Amino acid sequence: AHLDRIAAVDERVHAFLHVDTEGALAAARDVDARRANGEELGPLAGVPVAVKDVLATKGVPTTAASKILQGWRPPYDATIVERLRAAGTVMLGKTNMDEFAMGSSTEYSAYGPTNNPWDLGRIPGGSGGGSAAAIAAYEAPLAIGTDTGGSIRQPGAVTGTVGAKPTYGGTSRYGLIAFSSSLDTPGPCARTVHDAALLHSVIAGHDPRDSTSIPQPVPDVVAAARLGATGDLTGVRIGLVTEFNGEGAEPGVMAAYRDSIEALTKLGAEVVEISCPHFQYALPAYYLIAPSECSSNLARFDGVRFGLRTGDDGKHSLEEVMSLTREAGFGPEVKRRIILGTYALSSGYYDAYYGQAQKVRTLITRDFTTAFEQVDVLVSPTTPFVAFPFGSRTGDPYQMYLADLFTIPTNLYGGPAISVPCGLSEGLPVGLQIMAPTMADDRMYRVAAALE
Ligand code: GLN
């Protein structure tokens, strides 16, 4: 049914870069056979899942929406994908995204943007716009995204779906094409909080193949979502970030946000204001740290090891082949970030830029730990604006970067955060963000589920 739905609507939505029809049917048949055999199957057995094209899938094209990886078929599965298969889910295919997960609109995909199912002339968010749009358009009930600065939560917010960024290190990065290794976090996209929790529970947990994976048991997010669904938040303390006072945000977004605060109060939560004075420096710190790590990570795309190779005609030197490949293979946003990061890391500038950004990161982390001594979770709008029309923010990179104003602090800290639909502004969805302490992913699911 989902493959039929994809065939019917994806020409207009363009959520998928690759639909693995054969693989999906084979996986579904396999689940049927196991069921007929009387085997015990997990809670997601037979459920279709779409996977962001930044995760390696064995034998299935994986491009990170870049020309430089066109035609690459990984020889192995990412741990997340392996766990999805082990759980009996059926992978439908690979979803569109901004190239190498750099962007907030999918307009930087080398294969053309994804259209928001709510209004095809508007962006579905990014970088994981394909995963969120696939869910919003009923092409898939579940999807995997990755969140470096907001790429699960912001697409969730602008498509009226649920997107959760787990604790950094709570989900494995093995087989995830690296953008910014200290921030990249795979996580679930779904239509309900409970569905997101189920998917979270299947993919999370320690992975010895990822050195930053946390060797601790995952909190029971499914039980937390069930508890939240009772609608009782008595005793839960919720913090509103003083500095997120609406500056730079659309009035309609702030109105929906205020309504959801009122709803939380009615459910019994205690709401207080908490100052996080360093959050205002999160965006500039992120745009030094993430490009710095990207400039190092993307050095591996040199025309030798993977995908595209340009100028290998006997007339060019090895170095020329590498630069011609990178010139042809990388899009403008990726090049901008590599240049920015290389500059920030160069000797003479390192202390002034990269070093300074790392200090700011520590201060932001302290803001979070101080806040969580007083409250259980922090809330804010997920993104300052609703889905914007194509082309309206591509002219000025800074305008695009603003989309992650509210989501980036969490990434710098490493804690979990979820975006849950909280109403409409001008007929378009608005998301509420709920942020929790590291390894307390269950708390955000409880609060999010109470709002559904
Ligand atoms: N929009 C942010 C960026 O462009 C975040 C991207 C992400 O989370 N992958 O870097």
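Where is glycine 431 found? Glycine 431 is found in strand 11, residues 428–435. This is a predicted model: local features need pLDDT of at least 70, side-chain atom pairs count only at pLDDT 80 or more, and totals for chains, interfaces and linings use all residues. Residues are numbered from 1 along each chain as its sequence is written.

**Figure 1. The whole chain.** The chain has 15 helices and 11 strands. Helices (H or I, at least four residues) and strands (E, at least two) are DSSP runs, numbered from the N terminus. The radius of gyration is 21 Å, close to the 22 Å of the globule rule for 452 residues, so the chain is as compact as a globular protein of that length. This radius is taken over C-alpha atoms, and the globule rule is 2.2 Å times the number of residues to the power 0.38. The C-alpha trace spans about 70 × 65 × 45 Å along its principal axes. Buried residues make up 56% of the 452 residues. A residue is buried if 20 or more other C-beta atoms lie within 10 Å of its own, exposed if 12 or fewer, and partly exposed in between; C-beta atoms are placed from the backbone.

**Figure 2. Confidence along the chain.** The mean pLDDT is 97, and 100% of residues reach 70 or more. pLDDT is the predictor's confidence in each residue, from 0 to 100. Among the elements, helix 13 (residues 397–401) has the lowest mean, 93. Strand 2 (residues 48–52) has the highest, 99. For the complex, the predictor gives an ipTM of 0.97 and a pTM of 0.98.

Figure 3. Why does glycine 431 count as buried? Glycine 431 counts as buried because 34 C-beta neighbours lie inside 10 Å. Residues are numbered from 1 along each chain as its sequence is written.

**Figure 1. The whole chain.** The chain has 15 helices and 11 strands. Helices (H or I, at least four residues) and strands (E, at least two) are DSSP runs, numbered from the N terminus. The radius of gyration is 21 Å, close to the 22 Å of the globule rule for 452 residues, so the chain is as compact as a globular protein of that length. This radius is taken over C-alpha atoms, and the globule rule is 2.2 Å times the number of residues to the power 0.38. Buried residues make up 56% of the 452 residues. A residue is buried if 20 or more other C-beta atoms lie within 10 Å of its own, exposed if 12 or fewer, and partly exposed in between; C-beta atoms are placed from the backbone.

**Figure 2. Confidence.** The mean pLDDT of the chain is 97, and 100% of its residues reach 70 or more. pLDDT is the predictor's confidence in each residue, from 0 to 100.

**Figure 3. Glycine 431.** Glycine 431 counts as buried because it has 34 C-beta neighbours inside 10 Å. Leaving out residues up to four places away in sequence, glycine 431 touches residues including Arg153, Pro381 and Cys422. Touching means contact: C-beta atoms, placed from the backbone, within 7 Å. The C-alpha atoms of glycine 431 and tyrosine 257 are separated by 7.9 Å, yet the two are 174 residues apart along the chain.

**Figure 4. The largest nonpolar core.** This core holds 128 residues. Val49, Val377, Ile434, Met444 and Tyr445 touch the most other members. Its largest share, eight residues, comes from helix 9 (residues 282–297). A nonpolar core is a set of buried Ala, Val, Leu, Ile, Met, Phe, Trp, Tyr and Cys residues joined through C-beta atoms within 7 Å. Tyrosine 445 touches Val193, Ala197 and Ile418, among others, not counting residues up to four places away in sequence.

**Figure 5. Helices 3 and 6.** Helix 6 (residues 193–203) is mostly covered, with 11 of its 11 residues buried. Just after helix 6, glycine 205 takes a positive phi of about 120°. In helix 3 (residues 79–86), the buried residues are Thr79, Ile80, Val81, Glu82 and Leu84. They pack against elements including strand 2, strand 3 (90–95) and helix 6. Glycine 88 follows helix 3, and its phi is positive, near 85°.

**Figure 6. The ligand shell.** The ligand is surrounded by 13 residues; the closest are Ala101, Ser104, Thr148, Gly149 and Ser151. The shell has four nonpolar, seven polar and two charged residues. Ala, Val, Leu, Ile, Met, Phe, Trp, Tyr, Cys and Pro count as nonpolar, Asp, Glu, Lys and Arg as charged, and the others, Gly among them, as polar.

**Figure 7. Valine 19.** Valine 19 lies in strand 1 (residues 16–19). Valine 19 is partly exposed, with 19 other C-beta atoms within 10 Å. Valine 19 touches Ile6, Leu92 and Gly93, not counting residues up to four places away in sequence.

Technical notes: Two residues are in contact if their C-beta atoms, placed from the backbone, lie within 7 Å. A residue is near a molecule or strand if its C-beta atom, placed from the backbone, lies within 6 Å of it.
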